Amino acid sequence: ALRELIHAYGFATLISHSDGEFMVSHIPIMLDEKSAPNGRLIGHLARANPHWQILAKGAEALVMFQGPHTYISPNWYEHPDRMVPTWNYTVAHVYGTARIVEDKVKLKQMQRALVNQYESGFAQPWTMDLPDDYLDANLKAIVGFEIDIARIEGKFKISQNRTIVDQQRVIAALKQQADGMSQAMAKLMQQRLNTVEQA
């Protein structure tokens with residue numbers, strides 16, 4: 001479930017710590033399941049972003065992927081009295097040590113994989129068929145990195161502590177909300193509830 005979340009919500013928060021200093025960057029990161037025993041995260045930073053210099057020191061990195069999350073009103077429960085509001089959320093925390101990638105050929109392969117992943121859902125995907133001089137200039141402006149996954153932790157807080165009736169009521173209420181996060185949470189909760197009911 002955590003790996004599915006990472007694939008689906010790839011815009012991540014990269015956090016590193018070195019010499020008493022925290023660095024935080026918000027960037028797209030993709031999961032390569034096959035290149036390392038536990039999988040590998042692949043991404044890049046702007047060369048102008050000093051965060052890559054901390055990664056180059058071999059500092060441990062924490063990458064946080066946040067999936068659907070939304071406010072839950074007590075009014076949505078069967079018995080709202082003596083209840084309090086809460087927040088449903090899904091998150092994956094991935095730990096590992098980064099390696100910097102500056103080799104032009106490998107960096108180009110990494111960028112092509114990232115583009116292909118995010119363009120794959122379009123009817124007419126954009127491709128990286130760019131003039132060499134233009135592509136080279138853009139590749140020089142970034143620094144790639146890989147993080148072999150040491151461990152993954154996460155949490156799905158999606159009203160599973162509530163009764164089936166309350167979960168169904170929350171799902172129905174979320175479906176009435178206009179925002180995408182509420183819709184995504186309703187879908188996730190329904191999928192889990194279907195699995196529980198089938199068990």
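Predicted model: local features only at pLDDT ≥ 70, side-chain atom pairs only at ≥ 80, totals over all residues.
Residues are numbered from 1 along each chain as its sequence is written, and side-chain values use heavy atoms, with hydrogens and water left out.

**The chain as a whole**

- The protein chain has six helices and seven strands; helices (H or I, at least four residues) and strands (E, at least two) are DSSP runs, numbered from the N terminus.
- The C-alpha trace spans about 65 × 45 × 30 Å along its principal axes.
- Of the 199 residues in the chain, 41% are buried, where buried means under 20% relative accessible area, exposed over 50%, and partly exposed in between (1.4 Å probe, protein chains only).
- Among contacts (heavy atoms within 4.5 Å) with a separation of 6 or more, 73% join residues 24 or more positions apart.
- The accessible surface of the chain is about 11300 Å², and carbon and sulfur atoms hold 54% of that surface; the areas come from the Shrake-Rupley method with a 1.4 Å probe, and for residues only the protein chains shown count as cover.

**Strand pairing**

- Two strands pair if DSSP finds at least two bridges between them.
- Strand E1 (residues 11-18) pairs with strand E2 (residues 21-28) in the antiparallel sense, over eight bridges.
- Within this pair, serine 16 lies opposite methionine 23 of E2.
- Two residues separate E1 and E2 in their hairpin, and aspartate 19 in the turn has a positive phi of about 55 degrees.
- Strand E5 (residues 60-72) and strand E6 (residues 86-101) are antiparallel partners with 11 bridges, and tyrosine 71 has tryptophan 87 in E6 as its bridge partner.

**A look at arginine 99**

- Arginine 99 sits in strand E6.
- Arginine 99 counts as partly exposed because its relative accessibility is 35%.
- Leaving aside residues up to four places away in sequence, arginine 99 touches Arg40, Gly144, Phe145, Glu146 and Asp148.
- Arginine 99 and tyrosine 134 are 35 residues apart in sequence, and their C-alpha atoms are 26 Å apart in space.

**Pockets**

- The search uses a 1 Å grid over the protein atoms alone: a cavity is a set of points where a 1.4 Å probe fits but cannot get out, a pocket is an open set with protein on both sides within 12 Å along at least five of seven lines, and lining residues have an atom within 4 Å of a point.
- Grid points are joined across faces, edges and corners, and a volume is the space filled by probe spheres set on the points.
- The largest pocket has a volume of about 340 Å³. Its lining comprises 15 residues, and those closest to its centre are Ala1, Glu4, Phe156, Leu188 and Gln191.
- Helix H1 (2-8) and helix H6 (180-198) each provide at least two residues of that lining, with H6 giving the most, six residues.
- The lining of the largest pocket holds nine nonpolar, three polar and three charged residues.
- The second largest pocket has a volume of about 160 Å³, and its lining includes Trp126, Met128 and Tyr134.
- Helix H3 (104-119) and helix H4 (132-140) each supply at least two residues to the second largest pocket, and H4 has the largest share with four residues.
- The second largest pocket is lined by eight nonpolar, two polar and no charged residues.

**The cavity**

- The count is one cavity of 30 Å³ or more, and the largest cavity holds about 30 Å³ of space.
- Pro28, Ile42, Gly43, His44, Met110, Gln111 and Leu114 line the largest cavity. Strand E4 (40-46) and H3 are the elements that give two or more residues to this lining.

Definitions and conventions. Nonpolar A, V, L, I, M, F, W, Y, C, P; charged D, E, K, R; others polar.
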